[in-house]
Amino acid sequence: MATAVLGMQWGDEGKGKIAHFLAASSEMVVRWNGGPNAGHTMFHGGVKFGTHLVPAGVFYPGVESVIATGVVVDLSVLREEVETISRHLGFTPKLILSESAHLILPYHRLLEDVEGSGAKFGTTRRGIAPAYSDRAAKVGVRAGDLLAPARLRERLAERLEALRRAWPGVSEVERLSAKRLAEDLLEQAGPFLTSIGDAAGAIQDALTAGKEVLFEGAQGALLDVDFGTYPYVTSSTTAFTGLSAGTGVPDLRVERRLGIVKAYQTRVGDGPFPTELSGEVAERLRKEGGEFGVVTGRPRRCGWLDLVALRHAARLNAPTGIAVTKLDVLSGLPELCVCRAYDRHGMETTRFPGDAEDLARCRPVYETVPGWEDPLRGVRDYKRLPAATRGYLDRIAEAAGAPVALVSVGPTPEETILTGFDTPEGDRYNPAH
Ligand code: IMP
């Protein structure tokens, strides 16, 4: 059986905690999009980890962790993460790195500065857009090239030559040498060379053998390169639609799709955000929710839950269940606002515009709902949640078009309420199996 964990907002929904929780009962965990722009926070054995590239399977000795074709890989980040985790946990994770995954190279990070795209869009400056651009332009370097050093040097030399022509006089580009770069890459990749292979085949085989496979999405549907708030988006298909392309596995085989929804809205980086708040409530959400970027440390922009955007994300991700995270952060607010529609040029609409400028002109139409005083971190039983909290969850489930399968009331795996739900086939689905 296959389960996908999918972000339903602008990333930072708490996918890390949920993926880590579900990985415990999986046999394979697959990352399929994005790169080290992602920051997944997980508590394992009481220790807090922030991962960027490795799938949550690395925390469990028997679980295979796959970095699939759709991921852009920075070998220096991968090496550091694997070494840190191995040191803490005392075993080396079982890793498969797709031979067709593209590498992020030092000049990709540089290009975000040279071209100015990093500053213009408030990116994570991890070289993500230039690496995906090179892939599309067929001038990228792939993990499989590491197995053929002569070809690797040749590709790097051609690319560096073209960059020097495009950016004459940029000393950082001038200084780069293909030979040196190839040596550095091979050195960084040393421990992974035997892990490079046919990831798509490994995933297909695992599914055919009936294994539990978890697909760990990165970022969220609203950052999707095509259906997010373009151009204030990342450079991969973050929605469920990207899973097939990023893995080589037809999505028909992914029966369970768990949409992760934070109980309020956040965004890091630039771009329109209709329900953004300033002042006391925003400060409170940021402080109580620890809303600072895992990758860049930037304070996240905070606001009320946007149901228009959530419905849009639900169309892209087709969740069969949702996990609502950080519900505990809202305790103590006397009332909450949810955005049920947008006011666009004086007309009410529930359509999420496909264009960022259009979205920037939309004003939120709020509905006020009762808040709750009770702290939630100790609650483990859905029925013990305050009536107002359950009412709030019902609104979220209705907009997402899927039942609440899991509620997170704190950062640790224990602070989780499992509800499960009935599948259309009549089976009871419990996300923890
Ligand atoms: P890039 O992915 O570094 O090119 O950044 C493009 C936009 O996506 C910026 O607004 C980033 O802040 C945002 N972004 C990328 N990855 C994440 C993530 O994992 N969580 C939240 N925002 C992200």
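I started with serine 65 and skipped its neighbours within four places in sequence; what is left in contact with serine 65 is Val29, Pro55, Gly57, Val58, Lys94, Leu95 and Ile96. Contact here means heavy atoms within 4.5 Å.

Before going on, I noted that this is a predicted model, where local features need pLDDT of at least 70 and side-chain atom pairs count only at pLDDT 80 or more, while totals for chains, interfaces and linings use all residues. Residues are numbered from 1 along each chain as its sequence is written, and side-chain values use heavy atoms, with hydrogens and water left out.

**Serine 65, continued**

I found serine 65 in strand 5 (residues 64–67). Helices (H or I, at least four residues) and strands (E, at least two) are DSSP runs, numbered from the N terminus. Is serine 65 buried or exposed? It is buried, because its relative accessibility is 0%; buried means under 20% relative accessible area, exposed over 50%, and partly exposed in between (1.4 Å probe, protein chains only). I also saw its side chain reach the backbone nitrogen of valine 58 at 3.1 Å.

**Arginine 256**

Next I looked up arginine 256, which lies in strand 11 (residues 256–262). Arginine 256 is buried too, at a relative accessible area of 11%. Its side chain and that of threonine 3 are joined by a polar contact of 2.9 Å. For that term I wrote down a pair of N or O atoms within 3.5 Å; within protein, one must be able to donate a hydrogen and the other to accept it, and residues adjacent in sequence count only if both atoms are side-chain atoms. Threonine 320 is 64 residues away from arginine 256 in sequence, yet the two are 6.0 Å apart in space, C-alpha to C-alpha.

**The two domains**

The domain assignment gives domain 1 (2–98 + 198–429) and domain 2 (102–195); such bounds come from an automatic or database assignment. Their centres, taken over C-alpha atoms, are 30 Å apart. I read that 30 residues of domain 1 are in contact with 25 residues of domain 2.

How much area do domain 1 and domain 2 bury between them? About 2200 Å², with 60% of it on carbon and sulfur atoms. Val72, Leu75 and Arg79 supply 28% of the area that domain 1 buries against domain 2, more than any other three residues. Buried area is the accessible area (1.4 Å probe) that two parts lose on being put together, summed over both.

Across this interface the rule finds two salt bridges, each a side-chain nitrogen of Lys or Arg within 4 Å of a carboxyl oxygen of Asp or Glu. I also looked at glutamate 187 and arginine 79, whose side chains meet in a salt bridge (3.9 Å, N to O). On the side of domain 1 that touches domain 2, strand 6 (72–73), helix 2 (75–89) and strand 7 (94–98) each supply at least two residues. Helix 2 gives the most to that side, with five residues.

In helix 3 (residues 106–114) the buried residues are Tyr107, His108, Leu111 and Glu112. Down the helix axis they fall within an arc of 150°, so they line one face of helix 3; the arc is that of the directions from the axis to the C-beta atoms. Among the elements they pack against are helix 5 (128–136) and helix 8 (178–189). Just after helix 3, glycine 116 takes a positive phi of about 85°.

Last, I checked helix 9 (residues 199–208), where Ala199, Gly201, Ile203, Ala206 and Leu207 are buried.
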